[in-house]
Amino acid sequence: MTKATLAILGGSGKEGSGLALRWAAAGYRVILGSRSAERAEAAAAELNAILGGGSITGTDNLSAAQSCDIAVLTVPFSAQQATAQEVASALQGKILVDVTVPLVPPKVSRVQLPDGGSAVVAVQALLGEGVKVVSAFQNVSAHHLKDLGHVIDCDVLVCGDDPDARETVVQMAQDIGMRAWHAGVLANSVVSEALTSVLIAINQRYKVPSAGIRITGVGAPPAAH
């Protein structure tokens, strides 16, 4: 089965580029988006060198969103709303996977949720019902993503109001070797968003780079199709 074409908006950053590399290695066509097409092209070349192939391309965020089946928003919280607004027309009828964590430097180990609670819910309100926003991957550390031989020891909580869109993102996570779970409606994203600051605090206290979470009491989720 042909896999979707993914646009990783903010794909030159650590989280975005790491996820992009793993999806490309799993057979997805990946387009890196950035405010600067040149920066995205350079990041794509770097990732292709790791892959030993040329399956990742780079361009500006809007062009990437226009050319994809599914977009993944991996920009910092400070750029989330502006980036979503820029690509809004290109995302209509598509799934947007929002990885945003509302971190407010310098106190990133302290939960600082925006007014209204969830940063991802705010993006759904901005984009309207024509875009199926799904929240996922907030709790996955970028630290080991570019090491394709490293098993990511963190479950993925997938929240969204559309069950089919959630299932698509669950499969995307499983395709890159991660355990993913349907975690309810988009409003539940507030837990994943807040939990990232908790994991950062744990990293700092115990001097580790990538604390994560595991869901217990449930059998392993079904394997990816």
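Modeller: Begin with a single residue and its cover. Buried means under 20% relative accessible area. Ser197 has a relative accessible area of 3%, so Ser197 is buried. Keep in mind that this is a predicted model.

Colleague: Where is Ser197 placed?

Modeller: Ser197 sits in helix α7, which covers residues 189-206.

Colleague: Which residues does Ser197 touch, leaving out those up to four places away in sequence?

Modeller: Contact means heavy atoms within 4.5 Å. By that rule Ser197 touches Leu103, Val108, Ser109, Arg110 and Val111. A polar atom of the Ser197 side chain lies 3.0 Å from the backbone oxygen of Val108, and the Ser197 side chain reaches the backbone oxygen of Arg110 at 3.4 Å.

Colleague: What joins Pro105 and Pro106?

Modeller: For a peptide bond, read omega. Between Pro105 and Pro106 omega is about 5 degrees, and the bond is cis. Pro106 belongs to the loop between β5 (95-98) and α5 (119-127).

Colleague: What is phi near in Lys207?

Modeller: Lys207 has phi near 55 degrees, again a positive value in a residue other than glycine. Lys207 is in the segment after α7.

Colleague: Is Phe137 buried or exposed? And is Lys207 buried or exposed?

Modeller: Apply the cut-offs: under 20% is buried, over 50% is exposed. Phe137 has a relative accessible area of 1% and is therefore buried. Lys207 has 74%, so Lys207 is exposed.

Colleague: How do I read a residue such as Asn203, with a relative accessible area of 16%?

Modeller: The cut-off decides. A value of 16% is under 20%, so Asn203 is buried.

Colleague: How far apart are Gly11 and Ser34 in sequence and in space?

Modeller: Compare the two separations. Gly11 and Ser34 are 23 residues apart in sequence, while their C-alpha atoms are 6.2 Å apart. Gly11 is in the loop between β1 (5-9) and α1 (14-25). Because its relative accessibility is 0%, Gly11 counts as buried. Beyond its neighbours within four places, Gly11 contacts Gly16, Ser17, Leu32, Gly33 and Thr74.

Colleague: Now the whole chain. How many helices and strands are there?

Modeller: The protein chain has seven helices and eight strands. Buried residues make up 49% of its 225 residues. Of the contacts with a separation of 6 or more, 75% are between residues 24 or more positions apart.

Colleague: What does the radius of gyration say about the protein chain?

Modeller: Set the value beside the one for a compact globule. For 225 residues that would be near 17 Å; the protein chain has 16 Å, which agrees. Along the principal axes, its C-alpha atoms fill a box of roughly 40 × 40 × 35 Å.

Colleague: And the surface and charges?

Modeller: The accessible surface is about 10200 Å², with 55% belonging to carbon and sulfur atoms. There are 16 positive and 19 negative side chains, and the centres of these two sets lie 8 Å apart.

Conventions: Residues numbered from 1 in each chain as written. Predicted model: local features only at pLDDT ≥ 70, side-chain atom pairs only at ≥ 80, totals over all residues. Heavy atoms only, no water. Helix = DSSP H or I, 4+ residues; strand = E, 2+ residues; numbered from the N terminus. Rg over C-alpha atoms; globule rule 2.2 N^0.38 Å. Buried < 20%, exposed > 50% of the residue type's maximum accessible area, 1.4 Å probe, protein only. Areas by Shrake-Rupley, 256 points an atom, 1.4 Å probe, with all protein chains shown as cover. Lys, Arg positive; Asp, Glu negative; His and termini not counted. Charge placed at Lys NZ, Arg CZ, Asp CG, Glu CD. Polar contact = N/O pair within 3.5 Å; in protein donor to acceptor, adjacent residues only side chain to side chain.
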